Amino acid sequence: MKIGNKEFITGNTYVMGILNVTPDSFSDGGRYMKMDDALAHVEEMIKEGMDIVDIGGESTRPGYTQISDDEEISRVVPVIERVKAEFDIPISLDTYKSKVAKAGIDAGADMINDIWGLKHDDKLAEVIVQTGVPCCLVHNRKDADYKDYMKEILLDFEESIELVRKAGITDDKIILDPGIGFGKTYENNLEIIRRLEVLHSFGYPIMLGTSRKSVIGQALDLPESERVEGTIVTTAFAVKKGAMFLRVHDVKENVRAIRMTRAILDGR
C-alpha cells in the first residue's frame, strides 16, 4: 500500500502518531493548538519512529460536540500545509466530512481516516475516488446495541466495504479499524481486541487505535495520563494478531514495544 510517497509493506508493523489540533480531545486537548507546538510534536514523533502522522481538528471523544466544516478546516489545513512543507512524512487526516477531507487533501493530506466508515457523509467516498488517496474505515455505531456482537461488526464492515467498492475505491486504498471506544461497551472493546484476527477475513490491512482510551482506563482504573503501559500491552497483542498500523500518542514507547514483539515473533 502506498500512502503519500511511502510504501507500506504487508507483514510489517507501522506507527501512526496522533496530532490533535483541538481544544477538547480526551487526552491532549489544547496542547498542540499553536503551530509551533504542533510542529515540534511532529518533529519529536518522527525522531521517535513515527511512520505516518494523523491530524485531527475535531474531538471525537464520547459525547463530543460537532463543529462546523469551516472551523475544522481552519484548524487542520494550516497545520497540514506546514507539516507537508517541513517534514517528509505521510499525513493522514482524521475526518468524516467530505468538505474537510477535500480541503485537507488539497493542502497535502495523503489519506483519510473516517471514524464512521464512510457512512456519515455520502460525498466522502467521491472525494476519495477523485483524489486517489487511501482511506481507513473505522467501525462505529451510535449505540452499543448488539444482538450478536462479532457477527454484526463483520456485517457493518461489509456495508462500508460495499460503499467504497460501489464508489470505485480500489482494494489497495482500504484499511480497516475495529473502532475501539466507538459504539462499544467495555466488554465489546476487549472482545474485538482479543479476536482482532477475524478482520483478516476481508483481506485488508488492519489498524488498531487503543491509545490511552477508556477501555484501558477501566481495566486499570487509571486516568488518561497513566495509560501508557496498558496501551503498550494492546500494541504487542495487536502485532501478534497481525495488525499493520498502530495509532498511538506515545510513539517512542510503542515503537520499542513493537520492535521487541517482532523480535520474539520473528526470532531475530
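Contact here means that heavy atoms lie within 4.5 Å of each other. Keep that in mind as we look inside this predicted model.

**The nonpolar cores**

Let's start with I55. Setting aside its neighbours within four places in sequence, I55 is in contact with L19, V21, V76, V79, I80, V83, I91, S92, L93 and D94. I55 also belongs to the largest nonpolar core, which has 63 residues. Within this core, L19, V53, I55 and V83 touch the most other members. There is also a second, separate core of 17 residues, and among its members are M16, I52, Y96 and C136. As general background, nonpolar side chains in soluble globular proteins tend to be buried together.

**The aromatic rings**

How many aromatic pairs does the structure hold? There are five. To describe such a pair, we give the distance of the ring centres and the angle of the planes.

| Pair | Centre distance | Plane angle | Type |
|---|---|---|---|
| F8 and Y14 | 4.8 Å | 75 degrees | edge-to-face |
| Y14 and F245 | 5.9 Å | 35 degrees | tilted |

Why is the pair of F8 and Y14 edge-to-face? Its planes are 75 degrees apart, and planes over 60 degrees apart count as edge-to-face. The planes of Y14 and F245 stand at 35 degrees, so that pair is tilted.

Together, ring pairs link F8, Y14 and F245 into a cluster. F8 and Y14 are both buried, and F245 is buried too.

Definitions and conventions: Residues are numbered from 1 along each chain as its sequence is written. This is a predicted model: local features need pLDDT of at least 70, side-chain atom pairs count only at pLDDT 80 or more; totals for chains, interfaces and linings use all residues. Side-chain values use heavy atoms; hydrogens and water are left out. A nonpolar core is a set of buried Ala, Val, Leu, Ile, Met, Phe, Trp, Tyr and Cys residues joined through side-chain atoms within 4.5 Å. Buried means under 20% relative accessible area, exposed over 50%, partly exposed in between (1.4 Å probe, protein chains only). Rings of Phe, Tyr and Trp (its six-membered ring) pair if their centres lie within 6.5 Å; planes under 30 degrees apart count as stacked, over 60 as edge-to-face and the rest as tilted.
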